[in-house]
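Please look over the sequence and the structure below before turning to the notes that follow. They are grouped by topic and are meant for a first reading.

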Amino acid sequence: MDFTLSESWKKQRDLETRGGYNNTSGHVYGICHPVTKAEIIRFQAEYGIWRHAFPDRKALEDFIDDFVFLRYGGFGPTWFTILRDMDSLSQAEKNTHTLDGKSYTPEAGKARVIELLHTGKLAFYRTSTWIPEKDRNHHLVPKAREKVEYLPPDNKIYTLGPHEFPGYVPPARVGKSAAERRKESDKSDNGNERGFPINDEDANKILDQALKEQQVMLEAKKQELDEWDLNAQTNFKTWFGSTNESDKEIIKQRIDKILEMNKTYKIDKFRPASPKYQDAYAYVNPSDKEYYINLGNPFWSASMKGVDSQAGILSHEMSHFTDIGGTDDHAYGTEDSKELAKINPDKAIDNADNFEFYLENAK
Amino acid sequence: MNTNPVAVTLETELQNGDLIAILVFQNISTHSVFLDKYTAYLADEPINNLFKIADKNGVLLDYSGIQIKRRFNKNDFVELKAGASVKASVALNDWYKFQQGEHTYSILYSGFNHSYEKQKIFEMTSNEAVVKYVK
């Protein structure tokens, strides 16, 4: 069962994550493979989307320049992810993150997408989602699943192009014009306003570093547990409410398992959080045997070390997996977690934030 | 001393093949309490594993929803005035992996309400409900 969006909205979101919105009109577009007429009819029924045509290449290029990518997560979409998701890359390009034998650049990715759109190998579709002016220039679409809020003002779906709603006055431009943006190097893959990594490559570097920091943090704690001096016992008691041997063993085993996971964890196990949970640090499905970790926006602006650090958040999430730690979320934040250790040590040792703060040497 | 200001009662109901847990949170204190919507199942979807559902051998069912490290804001809380109560319901079979066939389960809700301004964290635990459920 999909726990975030209904199936139809999931489909729509899938489209939207491979597209973006027009900054001027607020319409949301997805990039898809071209489809047959029969499929278009089915798409209209299922997705509420309409193919969008351009009179010429310049119109297409202008539209692309005026196109603000939705960022449902730190990973994109970028031109590269669109190409990859649309299966428009060779296997070698996918593997090496290159285009035409050269290192991938956003400019090259954009040019490739434009070419494919122009030659009809990819197509633009307008979805039934519409973004109010107040929410534009913001990489998220809050409550995007509440379809009615994002339909045009009269709640009807039109097959017309942008700006063509009867009585609909397009809002004033928000942000830079297409011409202004053209002057800059391709910033379409940027959108770093909320601490997002610029592209997959940057995201990968951040995650790689976070995993390294996590390993250092876990090994330091392991050593502290082995030494078990007064300081170690005080730390342990602060977050777990006891210093008994069985609790210590639980934490040692949990650290060992997470260390094992850390050493083999692949970057592609990280996924962007669904729109609904963008403002959370991260989440997992504890029974997921693939061990995916879904990352929200705050993760990307979290520090490398200290309380609520990236390394700590990863440990928190990994501890949830049933066969790693099976922890729950009973309490959040340092104050509530410390209080939990005092009032209910059994729950504290089972609480992911208590475990995280212990690892992070929170005070 | 137990100063938990909210009492929780749990009842179950079968509706079209779904096993529905009905939770009633009652403020038994003399002042307003601010309930975290997610802990009290007043939000759209569960994001925590707050039910302990055990088969006759005491084996707990796996939770199939998500666990989320969240940040709180005021919109996450609803005010429950002194003496007032609020009802929440959740289809347990959507979020827990029930065994095939007919089985008897014992069900308990237990959550901690997050602190809110001067209100400290407190525990909310329901009665235990026993129910037969066919999957």
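Helices (H or I, at least four residues) and strands (E, at least two) are DSSP runs, numbered from the N terminus. This is a predicted model, in which local features need pLDDT of at least 70 and side-chain atom pairs count only at pLDDT 80 or more, while totals for chains, interfaces and linings use all residues. Residues are numbered from 1 along each chain as its sequence is written, and chains are lettered from A and ligands numbered from 1 in the order in which they are written.

**Where the two chains meet**

- Two residues are in contact if their C-beta atoms, placed from the backbone, lie within 7 Å, and the contact between the chains takes 29 residues from chain A and 21 residues from chain B.
- On the side of chain A that touches chain B, the elements that give two or more residues are β9 (282-284), α12 (310-320) and α13 (334-343) of chain A.
- The residues on that side of chain A divide into 15 nonpolar, seven polar and seven charged, where Ala, Val, Leu, Ile, Met, Phe, Trp, Tyr, Cys and Pro count as nonpolar, Asp, Glu, Lys and Arg as charged, and the others, Gly among them, as polar.
- Two strands pair if DSSP finds at least two bridges between them; β9(A) is joined by three bridges to strand β5 (residues 67-69) of chain B, and the two run antiparallel.
- Within β5(B), Lys69(B) is the bridge partner of Ala282(A).

**Arg70(B), a residue that touches chain A**

- Arg70(B) is found in the loop between β5 and β6 (77-80) of chain B, and it touches Ala280(A) and Tyr332(A), not counting residues up to four places away in sequence.
- A residue is buried if 20 or more other C-beta atoms lie within 10 Å of its own, exposed if 12 or fewer, and partly exposed in between, with C-beta atoms placed from the backbone; Arg70(B) has 23 C-beta neighbours inside 10 Å and therefore counts as buried.
- Ile47(B) is 23 residues from Arg70(B) along the chain, and the C-alpha atoms of the two are separated by 9.6 Å.

**The fold of chain B**

- Chain B has one helix and nine strands, and from the N terminus on its elements run β-β-β-β-β-β-β-α-β-β.
- Of the 135 residues in chain B, buried residues make up 34%.
- Among the contacts in chain B with a separation of 6 or more, 71% are accounted for by residues 24 or more positions apart.
- An open sheet is formed by three strands of chain B in the order β4-β8-β9, with antiparallel pairing.
- The strands β4 (51-54) and β9 (122-134) of chain B stand at the edges of this sheet, each with a single partner strand, so one side of each is left without a neighbour in the sheet.
- Strand β8 (residues 102-113) of chain B is joined to β9(B) by 11 bridges, and Ser106(B) stands opposite Val130(B) in β9(B).

**Helix packing in chain A**

- Axes are lines fitted to C-alpha atoms, for helices over the stretch in contact, and angles run from 0 to 180 degrees between N-to-C directions; the axes of α9 (residues 230-240) and α15 (residues 352-359) of chain A come within 9 Å and cross at roughly 155°.
- Angles under 35 degrees count as roughly parallel, over 145 as roughly antiparallel, 65 to 115 as roughly perpendicular and the rest as oblique; α9(A) and α15(A) are therefore roughly antiparallel to each other.
- Asn235(A), Trp239(A) and Phe240(A) of α9(A) make the contact with Asn354(A), Phe357(A) and Tyr358(A) of α15(A), and these residues divide into four nonpolar, two polar and no charged.
- The axes of α13(A) and α15(A) come within 9 Å and cross at roughly 105°, which makes α13(A) roughly perpendicular to α15(A).
- This second contact is made by Thr334(A), Ser337(A), Leu340(A) and Ala341(A) of α13(A) and by Asp353(A), Asn354(A) and Phe357(A) of α15(A), a set that divides into three nonpolar, three polar and one charged.

**Residues with positive phi**

- Most residues other than glycine have a negative phi, and most peptide bonds are trans.
- Asp308(A), a residue other than glycine, has a positive phi near 55°, and its place is in the loop between α11 (297-301) and α12 of chain A.
- Tyr41(B) has a positive phi of about 55° although it is not a glycine, and its place is in the loop between β3 (33-36) and β4 of chain B.
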